[in-house]
Amino acid sequence: IDLREFLLACSQFIDVDPSIKTQFVFNLYDEDRSGFLSTAELIEVLKANHMQSAAAVAKKAATIMRQADADGSGTLSYEDFVTVVRRFPNICFPNVRRQGEIVAAAE
């Protein structure tokens, strides 16, 4: 586990506004501080959040890029990333589904 994975894991247990977590994740993985996530940087986000093979993660990243890269630049702006997270919250917040299941089970 690297520092980014550790910080991302810790952020799952902090009760803050999802928009703050989204900005945190974006900034954490925007390694070159370009203001955009490249495919390689997106793959790192997915690898940190999802226990899947490298091929599955690369396929998911390609799908996300194809659907969310509004200007066709091969990168995701923060706004593009927010759109992705709204459509697929488990990309940024892998425990969202589990929390819902826990709440449903408790009812």
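This is a predicted model: local features need pLDDT of at least 70, side-chain atom pairs count only at pLDDT 80 or more; totals for chains, interfaces and linings use all residues.
## Helices α3 and α4

Helix α3 covers residues 39-49 and helix α4 covers residues 54-68; their axes come within 9 Å and cross at roughly 125°. The helices α3 and α4 are therefore oblique to each other. Their crossing is right-handed.

Which residues in α3 and α4 meet? From α3 come Thr39, Leu42, Ile43, Leu46 and Lys47, while α4 brings Val57, Ala58, Lys60, Ala61, Ile64 and Met65. Sorted by class, the residues of this contact between α3 and α4 are 8 nonpolar, 1 polar and 2 charged.

## Helices α2 and α5

A second pair of helices is worth a visit. The axes of α2 and α5 come within 11 Å, and they cross at roughly 125°. That makes α2 oblique to α5. The crossing of α2 and α5 is right-handed.

On the α2 side, the residues in contact are Ser19, Thr22, Gln23, Val25 and Phe26; on the α5 side they are Tyr78, Phe81, Val82 and Val85. The contact of α2 with α5 counts 6 nonpolar and 3 polar residues, with no charged ones.

## The aromatic pairs

How many aromatic pairs does a search of the whole structure find? The search finds 2. Phenylalanine 26 and tyrosine 78 form an edge-to-face pair, with 5.4 Å from centre to centre and 80° between the planes. This pair links distant parts of the chain: phenylalanine 26 sits in helix α2 (residues 18-29) and tyrosine 78 in helix α5 (residues 78-87), 52 residues apart.

Phenylalanine 26 also pairs with phenylalanine 81. Their ring centres are 5.7 Å apart and their planes stand at 50°, so this pair is tilted. Because phenylalanine 26 lies in helix α2 and phenylalanine 81 in helix α5, the pair ties together parts that are 55 residues apart in sequence.

## One cluster, seen from Phe26

Put together, Phe26, Tyr78 and Phe81 form one aromatic cluster. Is phenylalanine 26 buried or exposed? Its relative accessibility is 2%, and buried means under 20%, so phenylalanine 26 counts as buried. Phenylalanine 81 is buried as well, like phenylalanine 26.

Terms used: Residues are numbered from 1 along each chain as its sequence is written. Side-chain values use heavy atoms; hydrogens and water are left out. Rings of Phe, Tyr and Trp (its six-membered ring) pair if their centres lie within 6.5 Å; planes under 30 degrees apart count as stacked, over 60 as edge-to-face and the rest as tilted. Helices (H or I, at least four residues) and strands (E, at least two) are DSSP runs, numbered from the N terminus. Buried means under 20% relative accessible area, exposed over 50%, partly exposed in between (1.4 Å probe, protein chains only). Axes are lines fitted to C-alpha atoms, for helices over the stretch in contact, and angles run from 0 to 180 degrees between N-to-C directions. Angles under 35 degrees count as roughly parallel, over 145 as roughly antiparallel, 65 to 115 as roughly perpendicular and the rest as oblique. A crossing is left-handed if the near helix is turned anticlockwise from the far one by less than a right angle, and right-handed if clockwise. Contact means heavy atoms within 4.5 Å. Ala, Val, Leu, Ile, Met, Phe, Trp, Tyr, Cys and Pro count as nonpolar, Asp, Glu, Lys and Arg as charged, and the others, Gly among them, as polar.
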